[in-house]
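Hi,

Here is the structure I said I would pass on.

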Amino acid sequence: MIERDQDNIKLYILHMRQCDPKKCSGLKLGRSGLARIITHPSHLPSGTVILNPFAATAFSPADNRDVEGKGLTAIDCSWNQLDKGFKVKMRGEHRCLPLLVAANPVNYGSIGKLSTVEALSGAVFMLGKETLARRLLSKFKWGTTFLELNEKLLSEYQRAENSTQVVQIQEGLIRELGFKT
């Protein structure tokens, strides 16, 4: 049974069995009762919002209703495997997270190469559920570093009304920070 936050969000992790189980942030969330581990895409609840780095639509506060109603799913897989292509079909609303900086020890400082806990906590933070984001990250020594690195980004994304505004904010931040696109 998964623990439900005061905000009534069900968290799911589609575990693709591509990482070291001892270092896997998704499995650790599952063991701590903060998320439910799913091992096959067909077992995902219908209508869940799926954090998918290849989705065409950006995650935004406008997804809150769907997340509260159907849950939020993170895909737990290896970035090395993901770089080779991702071809798993999953039912649900697919959303990509906007620009965020990883704090996990494997990809520290990398843009976008988030661990499962970073993806989930970033998404729920964007929905204004900062207590839940902090609770998820509290299971990791480096968890608070994620919020410190992304404080400005997350606060800006949290103010957006929809996916289009999240993309506009992201583009503005890219220009401001001098990243090349």
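Contact here means heavy atoms within 4.5 Å, and buried means under 20% relative accessible area, with exposed over 50% and partly exposed in between (1.4 Å probe, protein chains only). Helices (H or I, at least four residues) and strands (E, at least two) are DSSP runs, numbered from the N terminus.

Before going further, some housekeeping. This is a predicted model, where local features need pLDDT of at least 70 and side-chain atom pairs count only at pLDDT 80 or more, while totals for chains, interfaces and linings use all residues. Residues are numbered from 1 along each chain as its sequence is written, and side-chain values use heavy atoms, with hydrogens and water left out.

Back to H5 (residues 130–137): its buried residues are Leu-132, Ala-133, Leu-136 and Leu-137. They are on the same side of H5 because they cover an arc of only 130 degrees around the axis (the arc is that of the directions from the helix axis to the C-beta atoms). Ser-121 is buried, at a relative accessible area of 0%, and apart from neighbours within four places in sequence it is in contact with Ala-133, Leu-136, Leu-137 and Phe-146.

Now the sheet. It is open, with 5 strands in the order S2-S1-S4-S3-S5 and parallel pairing; two strands pair if DSSP finds at least two bridges between them. Strand S2 (36–38) and strand S5 (93–95) are at the edges with a single partner strand each, so one side of each has no neighbour in the sheet. Neighbouring strands are turned by 30 degrees against each other on average, direction ignored. S1 and S4 pair over 5 bridges in the parallel sense, and Leu-11 has Leu-72 as its bridge partner in S4. H4 packs on the sheet, where it touches S1, S3 and S4, and its direction makes about 155 degrees with that of S4. For these angles, axes are lines fitted to C-alpha atoms (for helices over the stretch in contact), and angles run from 0 to 180 degrees between N-to-C directions.

The largest nonpolar core has 44 residues, and among those with the most contacts inside it are Leu-11, Phe-59, Leu-72 and Leu-136. H4 gives the largest share of this core, 7 residues. By nonpolar core I mean a set of buried Ala, Val, Leu, Ile, Met, Phe, Trp, Tyr and Cys residues joined through side-chain atoms within 4.5 Å. There is also a second, separate core of 7 residues, including Tyr-12 and Ile-75.

Last, the charges. A salt bridge is a side-chain nitrogen of Lys or Arg within 4 Å of a carboxyl oxygen of Asp or Glu, and by this rule there are 5. Glu-68 and Lys-129 form one, with the closest N and O atoms 2.9 Å apart. That pair links distant parts of the chain, 61 residues apart: Glu-68 is in helix H2 (residues 64–70) and Lys-129 in the loop between H4 and H5. Glu-68 is partly exposed at 35% relative accessibility, whereas Lys-129 is buried at 7%.

Cheers
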